[in-house]
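Welcome, and take a moment to look over the sequence and the model before reading on.

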Amino acid sequence: MITPLTVDTDALELPGWIHVYSGKVRDLYVPDTTPYDDDTWSGDPLARSSMVLVVASNRVSAFDHVLDPAIEGKGAVLTNLTRWWFEQLADVPNHLVEASDPALPEVPTAVADRATVCHTLDMFPVECVVRGYLTGSGYAEYRETGAIGGLPLPAGLNDGDRLPEPVFTPAWKAPLGEHDENISFERVIELVGADVAAQLRDRSLDVFARASAIAEARGLILADTKFEFGADRVTGEVTLGDEVLTPDSSRYWDASAYRSGTTPAERMASFDKQIIRNWLAANWDKTGTPPKLPDEIVEQTVARYRELEARLVG
């Protein structure tokens, strides 16, 4: 019996697959035919597998904590949106295994609506955050320093203001249980090298610009998002992985409300988990275990996720 690297109580046993890792919101599996030895398995359970089954759970996280309860149907929405965005960005290399690939393993029925088979990548330890508008942790840092990750911004900006142009404000991807940290571009160069750092920045800004135009055509503002990239293990190419442009990884606002609103709350009518962040900020001091989410907050979040899905995908 193989012991997973991490164990989560709601990670399912799936026929033909072995659970090897659970993050805050996703569970990873490798085919049960994956060769391994004890040293490799304990060090990197994905090292011997060319494919991984990525299952989006219904768990929800905020402020680096997994919250209770889970949000039913959330994993399916995130997976559908990620697949849809990969289709819109078909010329950007991504980690999805093509349906026509003869090596494509069967996806278990139990998770078919919230799982994708992907090529394993050597992931870079950088969250590629792009901001078109100033809010959230970026606004908090700006108020203190006038910059984000060492990148100076114009003076006098308010919460929710549009930036003169989108900015790349990367973060260091902390290990599970630790807090991500905004970092400078110079630090990205130290982590991954100058060539890869430039590719991460340029590709992130390009995808953000294209996605923003698509969202705008559907009455939405893409305020900010984060991408994750890895190196293809065969070609070394910088490849887009993880979830893409979902309400878990992005802030979406209603464009009409933004134009007519007079306060930040009115302008930033969101289609993401800002409802949860706001409730936690008002009911938790960020110490100890987060409180259980009320039913009405869960229901409002589900409704906003599904409305975003409908407005984007149709």
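This is a predicted model: local features need pLDDT of at least 70, side-chain atom pairs count only at pLDDT 80 or more; totals for chains, interfaces and linings use all residues.

Which residues of helix H3 (residues 136-145) are buried? They are Gly 138, Tyr 139 and Tyr 142. Looking down the axis of H3, you would find these buried residues within an arc of 95°, so they line one face of the helix. An α-helix has 3.6 residues a turn, so residues three or four places apart point the same way. The buried residues of H3 pack against E8 and strand E9 (147-148). After H3 comes Gly 146, which has a positive phi, near 75°.

## An enclosed strand

Next, turn to strand E16 (residues 250-254). Five of its five residues are buried, so E16 is largely enclosed by the rest of the structure. Ser 250, Tyr 252 and Asp 254 point one way from the strand, while Arg 251 and Trp 253 point the other way. In a regular strand the side chains alternate between the two faces of the sheet.

How do E14 and E16 pair, in the parallel or the antiparallel sense? The pairing of E14 and E16 is antiparallel and runs over five bridges. Within this part of the model, Ile 221 stands opposite Trp 253 in E16.

In soluble globular proteins, nonpolar side chains tend to be buried together. Here the largest nonpolar core has 39 residues, and Trp 85, Phe 227, Leu 245 and Tyr 252 touch the most other members. Several elements each supply at least two residues of this core, among them helix H2 (74-88), strand E8 (126-133), helix H5 (194-216), strand E14 (220-232) and helix H9 (295-313). Which element gives the most to this core? That is H5, with eight residues. There is also a second, separate core of 12 residues, which includes Val 60, Leu 67, Trp 279 and Val 298.

Tyr 252 ties two of these topics together: this residue is one of those that touch the most other members of the largest core, and it belongs to the buried residues of E16.

## Charged pairs

How many salt bridges does the structure hold? The count is 17. Three of them are set out below.

| Salt bridge | Closest N to O distance |
|---|---|
| Arg 210 and Asp 206 | 3.4 Å |
| Arg 311 and Asp 254 | 2.9 Å |

Asp 91 counts as exposed, at 56% relative accessibility, whereas Arg 210 is partly exposed, with a relative accessible area of 26%.

Arg 210 also forms a salt bridge with Asp 206. Both of these residues lie in helix H5, four residues apart, about one turn of the helix. Asp 206 is partly exposed, at a relative accessible area of 37%.

Arg 311 forms a salt bridge with Asp 254. That pair links distant parts of the chain too, Arg 311 being in helix H9 and Asp 254 in strand E16, 57 residues apart. Arg 311 is partly exposed, with a relative accessible area of 26%, while Asp 254 is buried, at 12%. Elsewhere, salt bridges that share partners join Arg 26, Glu 127, Lys 226, Glu 228, Asp 242 and Glu 243 into one network.

To finish, consider the cysteines. A disulfide requires two cysteine sulfur atoms within 2.5 Å, and by this rule the count is zero. Cys 118 is in no disulfide, and the nearest cysteine sulfur is that of Cys 128, 17 Å away.

Definitions and conventions: Residues are numbered from 1 along each chain as its sequence is written. Side-chain values use heavy atoms; hydrogens and water are left out. A nonpolar core is a set of buried Ala, Val, Leu, Ile, Met, Phe, Trp, Tyr and Cys residues joined through side-chain atoms within 4.5 Å. Buried means under 20% relative accessible area, exposed over 50%, partly exposed in between (1.4 Å probe, protein chains only). The arc is that of the directions from the helix axis to the C-beta atoms. Contact means heavy atoms within 4.5 Å. Two strands pair if DSSP finds at least two bridges between them. A salt bridge is a side-chain nitrogen of Lys or Arg within 4 Å of a carboxyl oxygen of Asp or Glu.
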